[in-house]
Amino acid sequence: MGTEQTDKFKIIQVKRSIFEDNNKDAEKLRQQLKEEKTFLLNLMSSPGAEKTSTLLALSKELSWKVKMGVMEADIDAAVDAETMTEAGVKSIQIHTGGMCHLDADMTRQGLTEFGTKDLDLVILENVGNLVCPAEFDTGAVRNMTILSVPEGHDKPLKYPLMYETCDLMVVNKIDVLDYFDFDKEKAVEYAKMRNPDIDVIFISAKTGEGIPQLAEWILKNVKEWCAS
Amino acid sequence: MSCNPVLITIKSCINRISEAENHLTSVASVTLEIGEVSDIVPDYITDCWNWAVKKTNYLKDAELRIERIEAVTYCENCGKTYPTVQYAKICPYCKSDHTYLLSGNEYNIREIEAC
């Protein structure tokens, strides 16, 4: 940081990215999770893509295979955490206080409060939003996004960073494909244009179709993280 | 990105500098470098800035200056660079998608003018 003097004001050279602090913090959190052998999965989507319903369906597949917990992030209310707790899944509600996303520090605070040392898998349900959550590294090991059929197959074109950031795109609500002009192949093509390495799984949280494949994807990643 | 986190970060950065260097009493300007493909809308953040600075005494006359940084993508396949805004992820020369952004997603605080 350099300084140069003008008449009255001095110019302080800052040259720092607005994300610098958060990125460092996220890296530190990942290191800590590695030591504790806890896998943190950051789940993002627009509002109403059925993040919570997908987690409910997943918990039936996963909860007897790994020790899992869910952190629900919302601007307000505790409906999501209540839903998960009622289903017998260990969960905590985080309020972002008006913020449209979670950053690494908020995530760490949530994890500390939650007590994750004994958990193999923590899924963070981020605030429903396709823009800001993609920009803030939460410290998660993997990122996944849900694109639901009624939203349309063009979303990867419109929200590129979300798909660049994610390791997995889950296409949900495939039980209503017949009622919408949703092109499955285009959805995959557009997502791969943004991120050639992205995995894609088609599911219906309502009927349970594809949920075993999704559970398998998560388990494989948990195992890799905890073994290495 | 909503403007909120950007403004909060700028403020905490100014506070830190103020603590580190002989307590700033007034900020005349803050210069940001904003990449062409970062999703900051300059008009938008300027509006938020003008609203937010009024709430803090040492910032109330501070001007926000924004410099745009051109978005350039590099193609690993053919080694050429091209303008990102026009061609996005696919290289216009060889049609490869093995490309990455060299510049253009910056959100930097370049300098702060203060006394």
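**Chat: cores, sheet and contact in a predicted complex**

Me: Which residues touch the most other members of the largest nonpolar core?
Reply: The core has 59 residues, and L40(A), L41(A), L121(A), I123(A), L124(A), M169(A) and V170(A) touch the most other members. A nonpolar core is a set of buried Ala, Val, Leu, Ile, Met, Phe, Trp, Tyr and Cys residues joined through C-beta atoms within 7 Å. Buried means 20 or more other C-beta atoms within 10 Å of a residue's own, with C-beta atoms placed from the backbone. This is a predicted model: local features need pLDDT of at least 70, side-chain atom pairs count only at pLDDT 80 or more, and totals for chains, interfaces and linings use all residues. Residues are numbered from 1 along each chain as its sequence is written, and chains are lettered from A and ligands numbered from 1 in the order written.

Me: What does V170(A) touch?
Reply: Leaving out residues up to four places away in sequence, V170(A) touches T54(A), M144(A), I146(A), I201(A), I203(A) and L214(A). Contact means C-beta atoms, placed from the backbone, within 7 Å.

Me: What is the strand order in the open sheet of chain A?
Reply: The order of its 7 strands is β5-β4-β6-β3-β7-β8-β9, with parallel pairing. Strands are DSSP runs of E, at least two residues; helices are runs of H or I, at least four. Two strands pair if DSSP finds at least two bridges between them.

Me: Which strands stand at the edges?
Reply: β5 (90-95) and β9 (199-202) of chain A. Each has a single partner strand, so one side of each has no neighbour in the sheet.

Me: How many bridges join β3 and β6 of chain A?
Reply: β3 (residues 39-45) and β6 (residues 121-125) pair over 5 bridges, in the parallel sense. N42(A) stands opposite L124(A) in β6(A).

Me: New topic. How many residues does each chain give to the contact?
Reply: Chain B gives 21 and chain A gives 20. On the chain B side, β6(B) supplies the largest share, 8 residues. That side has 10 nonpolar, 4 polar and 7 charged residues. Nonpolar covers Ala, Val, Leu, Ile, Met, Phe, Trp, Tyr, Cys and Pro; charged covers Asp, Glu, Lys and Arg; the others, Gly among them, are polar.

Me: Which strand of chain A joins β6(B)?
Reply: Strand β2 (residues 10-17) of chain A, through 6 bridges, and the two run antiparallel. S17(A) stands opposite N108(B).

Me: What confidence does the predictor give the complex?
Reply: An ipTM of 0.73 and a pTM of 0.81.

Technical notes:
Contact = placed C-beta atoms within 7 Å. Buried ≥ 20, exposed ≤ 12 C-beta atoms within 10 Å, placed from the backbone.
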